[in-house]
Amino acid sequence: MTPTREVFAGIDVGGTTTQVVLVDEQLHPIAHATTRTPALEGGDAIVGAASALIDRLLADGLPVETALAGIGMGTAGVVDTANGRITVVSDSFAGWAGFDIRGTLQARYGAPTTVANDVNAFLAGEMTAGAGRGAQNALGITLGTGVGGALWLDGRLFGGAHGAAGEIGHTPGFGSLPCTCGERGHLETLAAGRSISGLYLSATGLVRTPAELSELAADGDAVAERIFRVAGEGVARAILIATALLDIETVVIGGGVSNAWPLLHPAIAEHLETEPPVRGTAPSIVRGTLGDSAVAQGAAALSFAVERARQ
Ligand SMILES: [Zn+2]
């Protein structure tokens with residue numbers, strides 16, 4: 001009998017796009033596909049769209065002996081990992097919070113299913129297959145519409161008491177501007193894409209995306225330059241806090257705003273030089289290398305880790 005080859009599916013459910021990647025037992029991606037997320041059509045439709053991608057990838061060109069050994073999903077929102085569902089999510093989704101994601105996927109495929117917050121999945125992807133490979137202790141930061149954070153300690157994700165460890169975006173001490181969460185002075189008010197655009201709007205009256213502002217700054221727009229410098233300094237202070245508390249080796253930064261790396265990285269590095277961590281050396285600051293696939297690959301890696309731990 002031909003030995004069965006095991007693959008793991010990683011799903012990234014974003015507000016607009018759903019991506020599925022299949023990885024082998026070395027966590028190498030072997031196939032991937034994307035589709036629109038039917039975010040307002042409820043949990044059955046959202047999981048159904050992801051399942052259609054999995055079915056297609058399993059049917060397309062994989063050896064017949066291939067068995068789906070596990071499924072991981074990374075999705076926005078507060079995740080109840082113990083029960084495999086989302087408890088709170090933004091209003092860009094409908095019928096998603098409370099939906100039995102794990103039960104639905106396990107019933108369909110008979111494969112153990114793991115559900116994780118998307119920032120946790122991002123960090124798991126980068127630590128197992130991307131920029132953070134080889135490090136045992138890391139902080140992950142995603143600079144997107146908001147600012148997300150996750151922790152990888154002693155070689156695995158660290159969730160904390162409520163699965164919310166590493167939420168560096170909503171730590172106070174970063175000024176006094178109002179944050180999307182209702183508090184003030186959080187890192188997110190300086191370093192999120194929405195904040196960067198908002199700060200430019202306040203200063204100039206002009207509406208510009210973070211990508212446009214990155215180009216303007218590169219062309220010498222002093223206001224845009226200053227906003228990215230302040231964002232980078234804020235990220236650096238967050239890194240100093242995490243380094244003092246957790247003695248991390250590496251910080252992996254992702255999200256759309258990290259496309260402005262030539263502006264952000266010097267601002268972060270300069271601040272870490274002027275105010276070095278008490279241990280003497282700064283952690284290495286790296287940009288994620290998996291791009292849009294990080295969450296899906298990380299979700300697959302988490303599924304792989306859970307499955308191997310069960311054996
Ligand atoms: Zn906040």
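**Helices, a sheet and a buried asparagine**

Biologist: How do the axes of helix H1 and helix H2 cross?

Modeller: At roughly 35°, and the axes of H1 (residues 43-59) and H2 (residues 101-109) come within 11 Å. Axes are lines fitted to C-alpha atoms, for helices over the stretch in contact, and angles run from 0 to 180 degrees between N-to-C directions. Helices (H or I, at least four residues) and strands (E, at least two) are DSSP runs numbered from the N terminus.

Biologist: What sort of model is this?

Modeller: A predicted model, where local features need pLDDT of at least 70, side-chain atom pairs count only at pLDDT 80 or more, and totals for chains, interfaces and linings use all residues. Residues are numbered from 1 along each chain as its sequence is written, and side-chain values use heavy atoms, with hydrogens and water left out.

Biologist: Back to the helices. Is the crossing of H1 and H2 left-handed or right-handed?

Modeller: Right-handed, meaning that the near helix is turned clockwise from the far one by less than a right angle.

Biologist: Which residues make the contact?

Modeller: H1 gives Val 47, Ser 51, Ile 54 and Asp 55, while H2 gives Ile 101, Thr 104, Leu 105, Arg 108 and Tyr 109. Contact means heavy atoms within 4.5 Å. Five of these residues are nonpolar, two polar and two charged. Ala, Val, Leu, Ile, Met, Phe, Trp, Tyr, Cys and Pro count as nonpolar, Asp, Glu, Lys and Arg as charged, and the others, Gly among them, as polar.

Biologist: New topic. In what order do the strands of the open sheet run?

Modeller: E3-E2-E1-E4-E7, five strands with mixed pairing. Two strands pair if DSSP finds at least two bridges between them. Strand E3 (29-36) and strand E7 (113-117) are the edges, each pairing on one side only.

Biologist: How many bridges join E1 and E4?

Modeller: Nine, in the parallel sense, between E1 (residues 5-13) and E4 (residues 66-75). Arg 5 stands opposite Thr 66 in E4.

Biologist: Which strands does H1 lie across?

Modeller: E1, E2 (17-23), E3 and E4, and H1 runs at about 145° to E3.

Biologist: And Asn 137, where is that found?

Modeller: In the loop between helix H3 (118-129) and strand E8 (138-143).

Biologist: Why does Asn 137 count as buried?

Modeller: Because its relative accessibility is 15%; buried means under 20% relative accessible area, exposed over 50%, partly exposed in between (1.4 Å probe, protein chains only). Leaving aside neighbours within four places in sequence, Asn 137 is in contact with residues including Trp 152, Asp 247 and Thr 250.
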